[in-house]
Amino acid sequence: MTKVQLKTPREQELMRHSGQLLSQVFQMLDGFVAAGITTMEIDRQVEDFITNTLKARPASKGQYDYPYSLNSSINEVVCHGMPSASRKLKNGDIVNLDITLEKDGFIADSSKMYLIGDVAPAARQLVRASYEAMWKGIETVRPGATLGDIGHAIQQYAEKQGYSVVREYCGHGIGREMHEAPQILHYGRPGTGEALQAGMTFTIEPMINQGTYKTKTKKDGWTVVTRDKKLSAQWEHTVLVTNQGCEVLTLRSEEKNRT
């Protein structure tokens with residue numbers, strides 16, 4: 001990881017635009033994702049929408065030789081689930097769709113959970129708690145706060161709900177590159193780590209598990225699952241540290257009341 005890249009006002013504006021475009025992808029998916037559809041069909045729909053409608057680039061495709069435009073992580077899959085032409089979403093599934101988009105040289109990164117049909121109360125509760133855990137982290141972001149403050153807020157909330165926070169994967173700085181400095185751990189101690197500065201842009205993307213936080217990677221080299229096969233949920237936003245606090249660059253229309 002290189003040194004933290006503080007974004008200029010012009011770069012911030014370009015990142016804001018990428019983030020707004022990415023929010024439109026999820027708005028489109030809200031009317032597309034349903035039981036009976038395959039995750040490969042979702043991937044193709046996303047790639048078509050990004051390239052042809054938004055005139056942008058799916059930044060995940062080709063990154064680290066990854067062949068698809070999104071990650072689709074279902075039920076016990078923690079992250080990096082690969083789209084499949086044979087895996088259809090079915091009633092009761094929970095699925096995280098993690099998508100990146102590049103426009104005019106700057107990348108936005110966000111993910112959202114989708115609940116398919118009649119989802120069990122325990123699964124709904126996990127999805128809701130993971131969403132609130134992300135926002136607990138976002139709410140700590142302001143100049144002078146530390147990276148440890150973000151992780152602590154997320155960990156404290158998740159563990160109070162009886163869940164665990166995945167350790168092996170974290171948020172990251174983002175801008176011209178998908179992964180820039182700093183790393184954003186979703187656990188930690190308040191007052192520790194690097195101090196936040198206006199102009200920093202990074203993702204907050206906690207992975208919250210029903211059981212143990214321990215994971216394992218499947219033989220495909222990408223798909224990460226819970227070691228105990230219990231459910232996992234994740235949400236993600238790209239944020240900008242401002243002089244006043246924080247701006248969520250990938251904020252979706254249904255979230256306007258959160259800021």
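**Entry 1: strand β14.** I started with β14, residues 237-241, in what is a predicted model. How many of its residues are buried? I found five of its five residues buried, so I noted the strand as mostly covered. I then checked the two faces separately.

Next I looked up the partners of β14. With β9, residues 201-204, β14 pairs in the antiparallel sense over four bridges. I located Phe202 opposite Val239 of β14. With β15, residues 246-248, β14 is joined by three bridges, and these two strands also run antiparallel. There, Leu240 has Glu247 as its bridge partner. I wrote β14 and β15 down as a hairpin, with four residues between them.

**Entry 2: β4 and β5.** I moved on to another hairpin. Ten bridges join β4 to β5, and the two run antiparallel. One opposite pair I picked out is Thr100 with Asp109 of β5. Two residues sit between the strands, and in this hairpin Asp104 takes a positive phi near 55 degrees.

Is β5 largely enclosed or largely open? Nine of the ten residues of β5, residues 106-115, are buried, so I noted this strand as largely enclosed by the rest of the structure.

I stayed on Glu102, which lies in β4, residues 94-103. Glu102 has a relative accessible area of 16%, and because the cut-off for buried is under 20%, Glu102 counts as buried. Which residues does Glu102 contact, beyond its neighbours within four places in sequence? I listed Ala56, Arg57, Ala59 and Ile107. The side chain of Glu102 also reaches the backbone nitrogen of Asp104, at 3.5 Å. For a distance check, I took the C-alpha atoms of Glu102 and Thr201: they are 99 residues apart along the chain and separated by 15 Å.

**Entry 3: a residue of α1.** I then looked at Ser18 in helix α1, residues 9-30. Ser18 has 0% relative accessibility and so counts as buried. Leaving aside neighbours within four places in sequence, I found Ser18 in contact with Leu101, Lys103, Phe106 and Ala108.

**Entry 4: the three-stranded sheet.** What is the strand order in the open sheet of three strands? I read off β6-β10-β13, with antiparallel pairing. β6 (164-165) and β13 (232-234) are at the edges with a single partner strand each, so one side of each has no neighbour in the sheet. Between β6 and β10, residues 207-209, I found two bridges in the antiparallel sense. Within that pairing, Ser164 has Asn209 of β10 as its bridge partner. Helix α3, residues 121-138, packs on this sheet and touches β10 and β13. I noted an angle of about 40 degrees between the direction of α3 and that of β13.

**Entry 5: α3 on its own.** I checked the length of this helix. At 1.5 Å a residue, the 18 residues of α3 should span 26 Å, and the end C-alpha atoms are 26 Å apart, so the two agree. I also went through the buried residues of α3, which include Ala123, Leu126, Val127, Tyr131, Met134, Trp135 and Ile138.

**Entry 6: the nonpolar cores.** Which residues have the most contacts inside the largest nonpolar core? I noted Ile94, Ile150, Leu196, Phe202 and Ile204, in a core of 36 residues. The elements that give two or more residues to this core are α3, α4 (147-160), β8 (180-184), β9 and β14. The largest share, nine residues, comes from α3. Apart from this core lies another of 24 residues, among them Ile42, Ile50, Leu70 and Ala108.

I went back to Ile94 for its contacts beyond four places in sequence. They include Ile74, Met113, Leu115, Val119, Ala123, Leu126, Val127 and Leu231.

**Entry 7: a residue of α4.** Last, I looked up Gln156 in helix α4. Is Gln156 buried or partly exposed? At 40% relative accessibility, Gln156 counts as partly exposed.

Terms used. Residues numbered from 1 in each chain as written. Predicted model: local features only at pLDDT ≥ 70, side-chain atom pairs only at ≥ 80, totals over all residues. Heavy atoms only, no water. Buried < 20%, exposed > 50% of the residue type's maximum accessible area, 1.4 Å probe, protein only. Pairing = 2+ DSSP bridges. Contact = heavy atoms within 4.5 Å. Polar contact = N/O pair within 3.5 Å; in protein donor to acceptor, adjacent residues only side chain to side chain. Axes fitted to C-alpha atoms, helices over the stretch in contact; angles between N-to-C directions. Core = buried A, V, L, I, M, F, W, Y, C linked by side-chain atoms within 4.5 Å. Expected span 1.5 Å × (residues − 1).
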